[in-house]
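Subject: Structure for you to look at

Hello,

Here is the structure I promised to pass on. Please open it alongside this note, and I will walk you through what turned up.

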Amino acid sequence: MPSPDDLRDAFRELRAAEQRHVPPFRRSMERRPSGRRRLRYTFAIAALLLVVAGASLLQRRLMRPVVTTSISSWKAPTDFLLQTPNAKLMKTVPTFGVPKRGTSS
Amino acid sequence: MERAELESTLETLHPASFGWALSCCRRDRQEADEVLQMSYLKIIEGKARFDGRSSFKTWLFAVIRRTALERFRWQRVRRIVFLETSPPARPDQILESSERTERLLRALDAISRRQREVVELVFYHDMTIEEAAQSLGISIGSARVHYERSKRRLLAILQEEERIAFA
């Protein structure tokens, strides 16, 4: 059965095997990671695209003709909802016992 | 710290740093190389500053680990945004690896990331549990629990592998 000492020995062996192929320190210090540069380019392009899209949206909004409507002629688009059937009944006063004009008796 | 002094310290710790970078990158040599370069740049450009609250090695290992995590997160986002497929794993090929080393690597793959980190810092890098906790930014109690669990689990896996090998 392996003991903690065996584990330590196995790790030591792993370390020895891996450390035989360590890249030189100078190379790590001097070479700029390509991923980083690519990342910067990606961000720059994304920012440029955003600026162009924003500018075109702004321009489109500015170019749109402004339609002004006087407050007295303005009608709410939902006005029709208030026009219920027989709305006329609500506007007149009902009378009782008065014969209608044009009828005898 | 002066730049020359900083470079000299980094150079002294370079082999150990590479070993730790390999561990943070799941033994992918190319990734480890990139992560190490990015970490060194952060330090040289002053984006990561050593404040003397721990040993330089402990702090350097924390920088390497954070850089590796940032890189993995960024790669994950990039894969989602650009609909890239996940790259195939490129584990380190140790030509002269023994059967025991291979068994250990397989066992390390079977435990959680945190457990692997603690046990590697202690056994591979000869750190104390306190130093490992500082490097990982976790409490000593938590590091101790991870250490005990990972040791037990690794020993159990290795024992099982040995049993199968000799059966």
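Glu161(B) is partly exposed, with a relative accessible area of 21% (buried means under 20%, exposed over 50% and partly exposed in between, with a 1.4 Å probe and protein chains only). Its side chain meets that of Arg106(B) in a salt bridge, 2.9 Å from N to O (a side-chain nitrogen of Lys or Arg within 4 Å of a carboxyl oxygen of Asp or Glu). This pair links distant parts of the chain, 55 residues apart: Arg106(B) sits in helix α4 (residues 99-109) and Glu161(B) in helix α7 (residues 140-166) of chain B. Helices here are DSSP runs (H or I, at least four residues), numbered from the N terminus. Arg106(B) is partly exposed too, at 41%.

A word on the basis: this is a predicted model, where local features need pLDDT of at least 70 and side-chain atom pairs count only at pLDDT 80 or more, while totals for chains, interfaces and linings use all residues. Residues are numbered from 1 along each chain as its sequence is written, chains are lettered from A and ligands numbered from 1 in the order in which they are written, and side-chain values use heavy atoms, leaving out hydrogens and water.

Over all chains, the search finds 24 salt bridges. Glu117(B) takes part in a salt bridge with Arg113(B) at 3.2 Å and in another with Arg114(B) at 3.6 Å. Arg113(B) and Glu117(B) lie four residues apart in helix α5 (residues 113-124) of chain B, about one turn of the helix. Glu117(B) is buried, with a relative accessible area of 6%, whereas Arg113(B) is partly exposed at 39%.

Next, the second largest pocket, with a volume of about 180 Å³. A pocket is an open set of points on a 1 Å grid over the protein atoms alone, where a 1.4 Å probe fits, with protein on both sides within 12 Å along at least five of seven lines; lining residues have an atom within 4 Å of a point. The volume is the space filled by probe spheres set on the points, which are joined across faces, edges and corners. Among the lining residues are Met1(B), Phe50(B) and Trp59(B). Helices α1 (3-24) and α2 (29-44) of chain B each supply at least two residues of the lining.

Lastly, where is Val81(B) found? Val81(B) belongs to helix α3 (residues 56-81) of chain B, and is exposed, with a relative accessible area of 56%.

Best wishes
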